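Subject: Structure handover

Hello,

Here is the structure I said I would pass on. My notes on what was found in it follow below.

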Amino acid sequence: MKMKEQKTTFWKISCLATLIFLGSGATVLAQVVTSYNDLAFDGSQLTTNITTITSPNGGNTLTSSGPLVDFADGSATPVTLSVTGGEFTGAVQAGHGADPTAGDAFTIFDGNVSGQGVLSYAVPEDSSDLVLTFTGMSPNKVYDLTFFADRGANAWDRASLVTLSGQDAFMNISSIASDNPDTTNFPGGVIFTGPTSDTTRMPSDNPNGYVSRFSNVKSGSDGMIVLTISYDGSGGSHLNKGKYAGAIRLIESGNVTNDLDGDGKADIVWRNTDTGETAVWLGNGLSTPTSGVIAGAPDAWVINGKADVDADGKA
């Protein structure tokens, strides 16, 4: 955006909500609810305001379906997680892997939910996938979904493919990595091929703390999205082809009050305080925004505020 050449000219940045409600001086920000679930829970792991929904197979005593809870206060949210496929026996599998000490997984999960333990299975005849189904989502809200697993062994030989489906919109913002040996399907060795990719390849041994992460997720009218973890490895016998899962985080952002064009993404409003000229950037996640002048603004207007442009729960 080109600024005026006068040295006295300044631009101020704001969210649309402040512009709309500037008469009352109110700033409307999206409500954010964060939920964590430990997919491979053991009694000695973290328990505060998280859920422990896991596979119905394996003889554990945990539930395989239930509402996620707000990490802030433990209250139930409208979103239900249901797990099918896989196996979690408890004691043995809860001891696999380790809490993340590096990377995105450390930033997101450390101190909130334990990353140790993996939900997996190794049944030769069972070719089904591990499926995490989220229901009760609002089509008018946007979500950020992060998935993490660390088996602590076997590296890319027992890799998993994490696939998002059922959504109307999303952006893949998974960890940046270049050590993926599958350069045919993932050119450059990265674990996902770009922001429009609905899949992310995850190693079985994950000391770098890679995560599969999708932001700006909008469900369809049915309020459901699905995360499928399928085997994508190349090594080991048929007995060792587990699909691994450790923990998830779901962030729900409130109704998008900062959204000018109705695409579910917050937009940015600029105002030239010298001339009153006002312009808008239509947010597109991490991509370059579309810009255009929308109106003049009298000097009495004071525009300031903040918005979550990429729906990661941070303004």
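A residue is called buried here if its relative accessible area is under 20%. Gln167 has a relative accessible area of 18%, so Gln167 counts as buried. Please keep in mind throughout that this is a predicted model.

Gln167 and Val217

Gln167 belongs to strand β8, which covers residues 167–172. A polar atom of the Gln167 side chain lies 3.2 Å from the backbone nitrogen of Ser165. Apart from neighbours within four places in sequence, Gln167 is in contact with Val217, Lys218 and Ile225.

Val217 sits in strand β10 (residues 212–219) and is buried, at 1% relative accessibility. With neighbours within four places in sequence set aside, its contacts include Lys141, Val142, Tyr143, Leu164 and Phe170. Leu164 is 53 residues from Val217 in sequence, yet their C-alpha atoms are 9.6 Å apart in space.

The sheet

Strands β8 and β10 both belong to an open sheet of five strands, in the order β2-β12-β6-β10-β8, with antiparallel pairing. β2 and β8 stand at the edges with a single partner strand each, so one side of each has no neighbour in the sheet. On average, and with direction ignored, neighbouring strands of this sheet are turned by 20° against each other.

Aromatic pairs

There are four aromatic pairs in the structure. In one of them, the ring centres of Tyr36 and Phe71 are 5.0 Å apart and the planes are at 70°, so the pair is edge-to-face. Tyr36 lies in strand β2 (residues 32–38), while Phe71 lies in the loop between β3 (65–69) and β4 (76–84), so the pair ties together parts that are 35 residues apart in sequence. Tyr36 is buried, at 5% relative accessibility, whereas Phe71 is partly exposed, with a relative accessible area of 25%.

Tyr36 also pairs edge-to-face with Phe109, at 5.9 Å centre to centre and 70° between the planes. Phe109 is in helix α3 (residues 103–109), 73 residues away from Tyr36, and the pair links these distant parts of the chain. Both Tyr36 and Phe109 are buried. Together with Phe71 and Phe148, these two residues form one aromatic cluster.

In soluble globular proteins, nonpolar side chains tend to be buried together. In this model the largest nonpolar core has 37 residues, and those that touch the most other members are Leu39, Leu81, Val83, Leu132, Phe134, Phe147 and Leu227. The elements giving two or more residues to this core are β4, β5 (130–135), β6 (142–148), β7 (160–165), β10, β11 (225–231) and β12 (247–253).

Not counting residues up to four places away in sequence, Leu132 touches Leu39, Leu81, Ser82, Val83, Phe147, Ile225, Val226, Leu227, Ile229 and Ile248. A second, separate core has nine residues, among them Ile50, Ile108, Phe109 and Phe148. Phe109 and Phe148 are also members of the aromatic cluster described above.

Regards

Methods:
Residues are numbered from 1 along each chain as its sequence is written. This is a predicted model: local features need pLDDT of at least 70, side-chain atom pairs count only at pLDDT 80 or more; totals for chains, interfaces and linings use all residues. Side-chain values use heavy atoms; hydrogens and water are left out. Rings of Phe, Tyr and Trp (its six-membered ring) pair if their centres lie within 6.5 Å; planes under 30 degrees apart count as stacked, over 60 as edge-to-face and the rest as tilted. Helices (H or I, at least four residues) and strands (E, at least two) are DSSP runs, numbered from the N terminus. Buried means under 20% relative accessible area, exposed over 50%, partly exposed in between (1.4 Å probe, protein chains only). A polar contact is a pair of N or O atoms within 3.5 Å; within protein, one must be able to donate a hydrogen and the other to accept it, and residues adjacent in sequence count only if both atoms are side-chain atoms. Contact means heavy atoms within 4.5 Å. A nonpolar core is a set of buried Ala, Val, Leu, Ile, Met, Phe, Trp, Tyr and Cys residues joined through side-chain atoms within 4.5 Å. Two strands pair if DSSP finds at least two bridges between them. Axes are lines fitted to C-alpha atoms, for helices over the stretch in contact, and angles run from 0 to 180 degrees between N-to-C directions.
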